[in-house]
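Please look over this protein model and see how its parts pack together.

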Amino acid sequence: MNDKTHNEHGQITADAATVYKNFFVPALFQPCAPHMLQAIEHELKTVQTALDVACGTGIIARNVASNMLEKSQVHAIDINPGMLAVAKGFTRDVQWKQGDAQDLPYPDRYFGIVTCQFGLMFFPNPTLALKEMWRVLNSPGKLAIAVWDTLENNPGYAKLSEQLAELFGDFALNAISAPYSLGEITALRDLLEAANIPMAHIETVKIQARFQSINDWMRTEIYGWTLADQIDDTQFAQLLEAANTKLSHFVMPDGTVQFENAVHIISVVK
C-alpha cells in the first residue's frame, strides 16, 4: 500500500509550476543538467531516440534535444499538467506527453536514452517506475537518473527543514524532506536491484545552489512547491522574518544566497 502524501508526490499547481520554472530551475536544476548530459555524452551522438521521465518544465528534455543528432526524436512525460503547460511554451523540438512514470505509454526497447532528473523520489512505487524505464530502454542504451543526497549532506535545506519544522510542524518538514528520501546509497542500490537493473554506476557530485536573495529563496520554496496551498501569507511572513536571521549565513556580500548541494547521478548501460 502506498502511504505517501500529496506533498511527498511533489505535485504542484499551475501557478506553482511557473514559479518553479522561474526560480527552482535556474537555482537547482540547470546546474545539475551538465552532469546528466555528461552521463549520456556518448549516446547523445550515437542514438536517435530519447525519453525524459518526470520532465517537469523540461530542462533536461530541452538540453537533450539540443545536443542530439539531427532528426532525433525526444519525448518527455510528466503526470502534472501544470508542469507540461509551462514546458510546452519553450520548444517544439520535444514531444510532450502527460502520463504516469509507472505505466509508460511506449513500446519495449524504444529509446536509446532514458533520463529522470529529481523525479524518482516522488513516485508512489519507484521500483515499478524503474522497471518501466528499463523496459522502454533499448539495448545498448543508457539510463541516467539524478536524486538528491541525504538531507544532512545538503546543508541549506537541512537548516531550512529545521526552520519549517519549528514554525509549522511535521507537515512542512515532511514536504521539504521528501526530495531527499533516496539519498542513502545502500537504499538506492537496493532499489535498483529490486528493479533488476544491474551494474549501475553511482557518482556523487556537488552543485552550487544560487538564489537572488533570502526573499527569493523562501518564496520559491513555498510558492513553487507543494506548500503553496498550505502556508498562508501571514505564515510566509513569519518564515521570512525567521529566515533573515537564522539562514543569514548563506547570504553572500552581494545579497545572493549560495550553498552547496550534493546529488547522486546514477548511470547504467543496458
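Axes here are lines fitted to C-alpha atoms, for helices over the stretch in contact, and angles run from 0 to 180 degrees between N-to-C directions. Helices (H or I, at least four residues) and strands (E, at least two) are DSSP runs, numbered from the N terminus. The model is predicted: local features need pLDDT of at least 70, side-chain atom pairs count only at pLDDT 80 or more, and totals for chains, interfaces and linings use all residues. Residues are numbered from 1 along each chain as its sequence is written, and side-chain values use heavy atoms, with hydrogens and water left out.

**Helix H7 and its partners**

Start with helix H7 (residues 155–168). Helix H8 (residues 170–177) packs against H7 at an angle of about 160 degrees, and their axes are 7 Å apart. That angle makes H7 roughly antiparallel to H8. The classes are simple: angles under 35 degrees count as roughly parallel, over 145 as roughly antiparallel, 65 to 115 as roughly perpendicular and the rest as oblique. H7 passes H8 in a right-handed crossing. A crossing is right-handed if the near helix is turned clockwise from the far one by less than a right angle, and left-handed if anticlockwise.

Which residues of H7 and H8 make the contact? From H7 come Tyr 157, Leu 160, Ser 161, Leu 164, Ala 165 and Phe 168. From H8 come Asp 170, Phe 171, Ala 172, Leu 173 and Ile 176. Contact means heavy atoms within 4.5 Å. The residues in this contact are nine nonpolar, one polar and one charged. Here Ala, Val, Leu, Ile, Met, Phe, Trp, Tyr, Cys and Pro count as nonpolar, Asp, Glu, Lys and Arg as charged, and the others, Gly among them, as polar.

H7 also meets helix H11 (residues 233–246). Their axes come within 11 Å and cross at roughly 135 degrees. That makes H7 oblique to H11. H7 passes H11 in a right-handed crossing. H7 brings Gln 163, Leu 164, Glu 166, Leu 167 and Phe 168 to the contact. H11 brings Gln 235, Gln 238, Leu 239, Ala 242 and Lys 246. The residues of the contact of H7 with H11 divide into five nonpolar, three polar and two charged.

**The core**

The largest nonpolar core has 99 residues. Such a core is a set of buried Ala, Val, Leu, Ile, Met, Phe, Trp, Tyr and Cys residues joined through side-chain atoms within 4.5 Å. Buried means under 20% relative accessible area, exposed over 50%, and partly exposed in between (1.4 Å probe, protein chains only). Val 53, Met 133, Tyr 157, Trp 217 and Met 218 have the most contacts inside the core. Helix H2 (residues 14–39) gives the largest share, eleven residues.

What does Met 133 touch, not counting residues up to four places away in sequence? Its partners are Val 53, Leu 104, Val 114, Cys 116, Leu 120, Phe 123, Leu 143 and Ile 145.

Helix H10 (residues 214–223) is largely enclosed by the rest of the structure, because seven of its ten residues are buried. They are Ile 214, Trp 217, Met 218, Thr 220, Glu 221, Ile 222 and Tyr 223.

**Single residues**

The loop between strand E5 (137–148) and H7 holds Asn 154. Leu 151 lies in the loop between E5 and H7 too. Leaving aside neighbours within four places in sequence, Asn 154 contacts Trp 148, Asp 149, Tyr 180, Glu 260, Asn 261 and Ala 262. The C-alpha atoms of Leu 151 and Ser 181 are separated by 8.2 Å, though the two are 30 residues apart along the chain.

The table lists relative accessibility for some residues.

| Residue | Relative accessibility | Class |
|---|---|---|
| Asn 154 | 0% | buried |
| Leu 151 | 16% | buried |
| Lys 97 | 36% | partly exposed |
| Arg 109 | 47% | partly exposed |
| Asn 196 | 56% | exposed |

Now the backbone. Arg 109 has a positive phi of about 55 degrees although it is not a glycine. Arg 109 sits in the loop between strand E3 (95–98) and strand E4 (111–117). Asn 196, not a glycine either, has a positive phi of about 60 degrees. A cis peptide bond joins Ser 139 and Pro 140, with omega about 0 degrees. Pro 140 is in strand E5.
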